[in-house]
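Keep the sequence and the structure side by side as you read.

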Amino acid sequence: MNSLAGFIAGIPKAELHLHIEGTLEPELMITLGKRNGVSLPFPDAETARKAYQFNDLQSFLDIYYQATAVLITEEDFYDLTIAYLTKAASQHVRHAEIFFDPQSHTNRGIAFETVIRGIERAVVEANSSLHISTKLIMCILRHLSEKEGLEIFEKALAWKQWIAGIGLDSSERGNPPEKFSTLFKKAHHEGFFTVAHAGEEGSAASVRKTLETLHVTRIDHGVHCMEDEELVAELVQKQIPLTVCPLSNVRLKVFETMKQHNLKAMLQKGVCITINSDDPAYFGGYVNENYLEAANALQLDRNDIIQLAQNSFIASSLSTVHKQLYLHEIERYSGNQSN
Ligand code: HPA
Ligand code: ZN
């Protein structure tokens, strides 16, 4: 391991863009398929991994939603979540803001309660045994109607004590943010933290419209903002964070290669950029691999890595006191590493 790889591996960091369903590793998918008697298009984990070749966001989402069919019981959601949190803690993720897509389960007849109880049990356990803090963000599927989104939102209110935020994911194309303006208004009214995917397959205009109509605190992806200089200036001035997912962007062909990724350019302009793994079971790496591949391709140095790790806590929905505690951890780590 070269020294930058070691530095990345050990630096305390937060992960802010992570779909729990996207952490379903092929091995666990096969195990759960057998356990629940769900037949899959893949006979084994190796075949599944080989089939994960995507042309764009939609070709990924088709496989991603198909794989969720193996998640049936509370135990399954627990197993999925504890596996992710164990891996994240081993990569020195100190805080994770986890997306979950309840509609992709309730629409298959799985109770909302089953999903959230399984996830929450893992979160509570990981907090004490792995020393990792977590917040849950419930994502609304934008390819479905706002009416359906509102139905799940109303249902989720019974579990509000376990849900910190509301997000928006799935197919950006053809599903503009304003389709969900009523839902996000209600989310703000209920005091939720809000985020939304934008500018992944959509343009800078989609990022702008998302900020104008949904008033979210953070933008997930947002990499197409660079097409609009005024928008970039606004992101910098208001310090609106972007949760960037480098390996996802390359696997879904948002950028042809990692060398072409614009995250360093955005960072240099002063945008609050964070690095995240999105759907690590599908895109070839967890958060540290995302930092490392971006660092190698874009020649990021230690100071860039420190900035990115600091940004990950600054952009989180933690309280100021908690942010300070984690920022001090980075300071101690960086100081020790330079001695
Ligand atoms: N974009 C939109 N929806 C998603 C993604 C993504 O990267 N991952 C899982 N659902
Ligand atoms: Zn995502």
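Predicted model: local features only at pLDDT ≥ 70, side-chain atom pairs only at ≥ 80, totals over all residues.

**Around ligand 1**

- A side-chain N or O atom of Asp-278 lies 2.8 Å from an oxygen atom of ligand 1.
- Asp-279 has a side-chain N or O atom 2.7 Å from a nitrogen atom of ligand 1.
- The protein covers 100% of the 260 Å² of accessible area that ligand 1 has on its own (Shrake-Rupley method, 1.4 Å probe).
- The residues surrounding ligand 1 (a heavy atom within 4 Å) include Leu-57, Phe-60, Tyr-64 and Glu-200.

**The zinc site**

- Which protein donors hold the zinc ion (ligand 2)? They are His-17 (NE2), His-19 (NE2), His-197 (NE2) and Asp-278 (OD), 2.1 to 2.3 Å from the zinc ion.
- Donors are N, O and S atoms within 2.8 Å of the metal (3.2 Å for Na, K and Ca); water is not among the atoms, so sites may look incomplete.
- Along the chain, the donors follow the spacing H-x1-H-x177-H-x80-D.
- His-19 in strand 1 (residues 13-19) and Asp-278 in the loop between strand 8 (273-275) and helix 14 (280-283) are 259 residues apart. Helices (H or I, at least four residues) and strands (E, at least two) are DSSP runs, numbered from the N terminus.

**Reading the values**

- Residues are numbered from 1 along each chain as its sequence is written, and chains are lettered from A and ligands numbered from 1 in the order in which they are written.
- Local features need pLDDT of at least 70, side-chain atom pairs count only at pLDDT 80 or more, and totals for chains, interfaces and linings use all residues, while side-chain values use heavy atoms, with hydrogens and water left out.

Conventions:
Polar contact = N/O pair within 3.5 Å; in protein donor to acceptor, adjacent residues only side chain to side chain.
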